[in-house]
Amino acid sequence: MGIAASSAFSRLRLGLPISAQSRAAWLGAAVLGLAAAAALGAAAWSTGAGQRKRGRRRRGQRQLQQVGTVAQLWIYPIKSCKGVLVDEAECTEMGLRSGNLRDRFWLVIKEDGHMVTARQEPRLVLITTTWNDDQMTLSAPDMDDLVVPRKLSSTNAVRDCRVFGVDVQGRDCGDEVAQWISSFLKTETFRLVQFETHMAGRKSKEIFHPSVQNYEVAYPDCSPIMMLSEASLSDLNTRLEKKLKMEQFRPNIVVTGCGAFEEDTWDEILIGSVEMNKILSCPRCIFTTVDPDTGIISRKEPLETLKSYRLCDPAEKHIYKSSPLFGMYFSVEKIGSLKVGDPVYLMTQ
């Protein structure tokens, strides 16, 4: 996502279709400078909704073509903090779940409710979450561990929050947690909130355009699932002096056994018992320049290299602007379970 996060998401309501043509035109494209913001457009929702409805009626006639295998599953409990690797997960309409571990159901905010991510506070990536029964433990360098109960008291305040300009609620996790995070980041006062399932999520029509598929997310950028292949990262690493880890790009599902950027072409996929639909490409921002091991932000690589060959087709520039594309966003069409080692099938008519 982009540097000016709120203004970037104010441009999501473009309602303009994404070209269905091959991403091969990206290769060899070159441009100088960094994107000031990542503008996500509506990904062919006006026609896609009809295609999805027709697809439901013809589901029994679909053919399955294996295009890869699940190599990793990642859940990021607190937005911008370290992810947790799991071997299997439920895939809900709001993202991956493993027991009490939910993807981006916790959010660091300022006292006025505005979200805080590693774009503003890079050292957030150094906070680790571990789980034991109904307790979440926070760990960070030079800090004592802190236990946070999963189920918060009903007397804790419900706070109004802003995530990329869209209102969403969260229950405050208390003063002790707020002091712990503020002491670690050492810049200003922060609080931690938890999304509860009875709360209203951020609706896709608020993030994109009124005609989009009706789904909700808690605190993810824009969709329940982000997918990336090992081959795409390997391709990028051949162009970089310093090799990067998958953690730098924060996918939920990592796929192996396919070619570089093949995930760009997967419109409808089946993994385990889960069916997903492509939304749009993931435009990349300065978050990718945060080293997950040190919490240091460079603001240069891998963005500069990605911009040399992963820009959008010119016909889609009104959507993505100058942000390079790396990974794909998916919505969940049919909930279910999936695990590492599951085949990834492309569903075709």
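1. A pocket, as used here, is an open set of grid points with protein on both sides within 12 Å along at least five of seven lines, and its lining residues have an atom within 4 Å of a point. The model is predicted. In it, 14 residues line the second largest pocket. Nearest its centre lie Arg150, Gln194, Phe195, Glu196 and Thr197. The pocket holds about 300 Å³ of space. Its lining divides into six charged, four polar and four nonpolar residues.

2. Gln194 sits in strand 12 and is the bridge partner of Arg171. The pair is strand 11 (residues 166-172) with strand 12 (residues 190-194). They run antiparallel and share two bridges.

3. Which strands make up the open sheet, and in what order? There are four, in the order 6-12-11-10, with antiparallel pairing. Strand 6 (106-110) and strand 10 (158-163) are the edges, each pairing on one side only. From one strand to the next, the twist averages 55°. Helix 3 (residues 175-185) lies across strand 6 and strand 12. It runs at about 130° to strand 12.

4. Two cavities reach 30 Å³ or more. The largest cavity contains about 280 Å³ of space. It is lined by 23 residues, and closest to its centre are Arg104, Asp221, Arg250, Arg284 and Tyr329. By class, the lining has seven charged, five polar and 11 nonpolar residues.

5. The second largest cavity has a volume of about 40 Å³. What lines this cavity? The residues are Val125, Glu247, Gln248, Arg250, Phe287, Val290 and Pro292. Four of the lining residues are nonpolar, one is polar and two are charged.

6. Asp291 deserves a separate look. It lies in the loop between strand 18 (274-283) and helix 6 (303-306). Is Asp291 buried or exposed? Asp291 counts as buried because its relative accessibility is 14%, and the cut-off for buried is under 20%. Leaving out residues up to four places away in sequence, Asp291 touches Val125, Lys242, Gln248 and Ile296.

7. Strand 1 has several partners. With strand 21 (residues 343-348), strand 1 (residues 63-75) runs antiparallel over six bridges. Gln65 stands opposite Leu346 there. With strand 16 (residues 253-256), strand 1 pairs in the antiparallel sense over four bridges. Here Val70 faces Val255 as its opposite residue. With strand 2 (residues 84-86), strand 1 is again antiparallel, over three bridges. Leu73 has Val86 as its bridge partner in strand 2.

8. Last, a hairpin. Strand 7 (residues 128-132) and strand 8 (residues 135-139) are antiparallel and joined by five bridges. Thr129 stands opposite Leu138 in strand 8. Two residues lie between the strands. Which residue of this hairpin takes a positive phi? It is Asp133, with phi near 55°.

Conventions
Residues are numbered from 1 along each chain as its sequence is written. This is a predicted model: local features need pLDDT of at least 70, side-chain atom pairs count only at pLDDT 80 or more; totals for chains, interfaces and linings use all residues. Side-chain values use heavy atoms; hydrogens and water are left out. On a 1 Å grid over the protein atoms alone, a cavity is a set of points where a 1.4 Å probe fits but cannot get out, and a pocket is an open set with protein on both sides within 12 Å along at least five of seven lines; lining residues have an atom within 4 Å of a point. Grid points are joined across faces, edges and corners, and a volume is the space filled by probe spheres set on the points. Ala, Val, Leu, Ile, Met, Phe, Trp, Tyr, Cys and Pro count as nonpolar, Asp, Glu, Lys and Arg as charged, and the others, Gly among them, as polar. Two strands pair if DSSP finds at least two bridges between them. Buried means under 20% relative accessible area, exposed over 50%, partly exposed in between (1.4 Å probe, protein chains only). Contact means heavy atoms within 4.5 Å. Axes are lines fitted to C-alpha atoms, for helices over the stretch in contact, and angles run from 0 to 180 degrees between N-to-C directions.
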